[in-house]
Amino acid sequence: MKKVDMTVPKALKFARHDFLNDLQIVLMQIDLGNVSKAKTAILKTTEKLRQDSMLESLGLPETEKWIQTFEWMFTSFHKTLVCGIKTGVREVDDHVLVAYLEDIFQDIEKVLDPMSEYEACFDIKADENDWLITITVTGALPEKKTGTILKEKFIVEETSSHNLWTFTIRGQ
């Protein structure tokens, strides 16, 4: 995949597009007389926006930007995000963490089946002292060499099983 420079105007364009798609789904459900499905679509969109907003408390702005723009950069994936974050001081080079994440997903994209669907679920937890990002990738995936990787100021544990890769990145 070609690397795209994510400028603010491009990010806003993508965000508007996604939001308009969500509104179209609500409108379609209303037009079909499915009020409960329209309400569910509204609640789903507002929860997604709430989770995106909570990500800011992580205190890693480059990582936040990378996760926020993930689906726009890696279009093969549908992203879900779950955050449980308390503000704290993070002892990690944010740029090194983003470079690692970028490398992982560029490598993953090389082995994807274009006819399959993939999901990347980001589960982010942090308290005042420690942080943890668990990324679970599901879809038609080959087996992957796994193990523990020590990086500067963070640890990565990779596991793989049939159609499921999990990356747990932790630090202080």
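Helices here are DSSP runs of type H or I, at least four residues long, numbered from the N terminus. Keep in mind that this is a predicted model.

**Stop 1: Gln51.** Select helix α2, residues 35-54, and pick out Gln51 in it. Is Gln51 buried or exposed? Its relative accessible area is 6%, so Gln51 is buried. Now show side chains: Gln51 and Glu47 are joined by a polar contact of 2.7 Å. Leaving aside residues up to four places away in sequence, Gln51 touches Leu81, Val82 and Cys83. For Cys83 there's a detail to zoom in on: a polar atom of the Gln51 side chain lies 2.5 Å from the backbone nitrogen of Cys83.

**Stop 2: the cysteines.** Stay on Cys83, which counts as buried at 9% relative accessibility. A disulfide is a covalent bond between the sulfur atoms of two cysteines. How many disulfides does a search of the whole structure find? The count is 0. Cys83 is in none, and its nearest cysteine sulfur belongs to Cys121, 10 Å away. Cys121 itself is partly exposed, with a relative accessible area of 25%.

**Stop 3: Gln172.** Jump to the segment after β6 (164-171), where you'll find Gln172. This residue is partly exposed, at 46% relative accessible area. Which residue sits 41 places from Gln172 in sequence, yet 5.9 Å from it in space, C-alpha to C-alpha? That's Trp131. Not counting residues up to four places away in sequence, Gln172 touches several others, including Val89, Arg90, Asn129 and Lys153.

Notes: Residues numbered from 1 in each chain as written. Predicted model: local features only at pLDDT ≥ 70, side-chain atom pairs only at ≥ 80, totals over all residues. Heavy atoms only, no water. Helix = DSSP H or I, 4+ residues; strand = E, 2+ residues; numbered from the N terminus. Buried < 20%, exposed > 50% of the residue type's maximum accessible area, 1.4 Å probe, protein only. Contact = heavy atoms within 4.5 Å. Disulfide = S-S within 2.5 Å. Polar contact = N/O pair within 3.5 Å; in protein donor to acceptor, adjacent residues only side chain to side chain.
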